[in-house]
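Visitor: I would like to learn how to read the features of a structure like this one. Could you walk me through it?

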Amino acid sequence: QVQLVESGGGLVQAGDSLRLSCVASGRTFSTAMGWFRQAPGKERELLAAISWSGDRTYYADSVKGRFTISKDNAKNTVYLQMNSLKPEDTAVYYCAAARRWTVLTSEYEYWGQGTQVTVSS
């Protein structure tokens, strides 16, 4: 089992920045890590993913150039740096772990509890 705990969400204004953190514990085998979000009435979407080695990354078009995923293996922590936030970025943000590199939501097995990000205009 892998346990994931997100932090760093909050209420910000449009144009501000936030950095989300996700600490992994338990059987933290080599995995891909992803950041997702889900807004009310919308499907959960993959925003960014990173391989355990860090040599592969993926970004959704909606966040490319504004969000950056990174990781610190020594701390078992994955980050999502979010810049130039927009009201449409308002959602619950989740981190998740997969056993192999993937950009398919269905292949992410372990999920955190989520952290709310609200961007006011």
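Guide: Gladly, and let us begin with the disulfide. A disulfide is a covalent bond between the sulfur atoms of two cysteines. Here the structure holds one disulfide, assigned when a pair of cysteine sulfur atoms lies within 2.5 Å. Before going on, note that this is a predicted model, where local features need pLDDT of at least 70, side-chain atom pairs count only at pLDDT 80 or more, and totals for chains, interfaces and linings use all residues. Residues are numbered from 1 along each chain as its sequence is written, and side-chain values use heavy atoms, with hydrogens and water left out.

Visitor: Which residues does the disulfide join?

Guide: The partners are Cys 22 and Cys 95, with an S to S distance of 1.9 Å. Their link is right-handed, with 50° about the S-S bond. Cys 22 lies in strand E3 (residues 18-26) and Cys 95 in strand E9 (residues 91-98), so the pair ties together parts that are 73 residues apart in sequence. Strands (E, at least two residues) and helices (H or I, at least four) are DSSP runs, numbered from the N terminus.

Visitor: Is Cys 22 buried or exposed?

Guide: Cys 22 is buried, at 0% relative accessibility, and Cys 95 is buried with a relative accessible area of 0%. Buried means under 20% relative accessible area, exposed over 50%, and partly exposed in between, using a 1.4 Å probe and protein chains only.

Visitor: Which residues touch the most other members of the largest nonpolar core?

Guide: In soluble globular proteins, nonpolar side chains tend to be buried together. A nonpolar core is a set of buried Ala, Val, Leu, Ile, Met, Phe, Trp, Tyr and Cys residues joined through side-chain atoms within 4.5 Å. The largest one has 30 residues, and Leu 4, Leu 80, Met 82 and Tyr 93 touch the most other members. Elements giving two or more residues to this core include strand E1 (2-7), strand E8 (77-82) and E9. Apart from it lies another core of eight residues, including Leu 46 and Tyr 94.

Visitor: What does Leu 4 touch?

Guide: Contact means heavy atoms within 4.5 Å. Not counting residues up to four places away in sequence, Leu 4 touches, among others, Cys 22, Cys 95, Met 33 and Trp 111.

Visitor: Where does Asp 89 lie?

Guide: Look in the loop between E8 and E9. Asp 89 counts as buried, at 1% relative accessibility. Its side chain makes a polar contact of 2.8 Å with that of Arg 66. A polar contact is a pair of N or O atoms within 3.5 Å; within protein, one must be able to donate a hydrogen and the other to accept it, and residues adjacent in sequence count only if both atoms are side-chain atoms.

Visitor: Which strand holds Tyr 59?

Guide: Tyr 59 belongs to strand E6 (residues 57-59) and is buried, with a relative accessible area of 19%. A polar atom of the Tyr 59 side chain lies 2.8 Å from the backbone nitrogen of Ile 69. From Tyr 59 to Leu 47, the C-alpha to C-alpha distance is 5.7 Å, although they are 12 residues apart in sequence.

Visitor: What phi does Asn 76 have?

Guide: Asn 76 has a positive phi of about 50°, although it is not a glycine. Asn 76 sits in the loop between E7 and E8 and counts as partly exposed at 24% relative accessibility. Ser 84 also has a positive phi of about 50° without being a glycine. That residue, Ser 84, is found in the loop between E8 and E9 and is partly exposed, with a relative accessible area of 42%.
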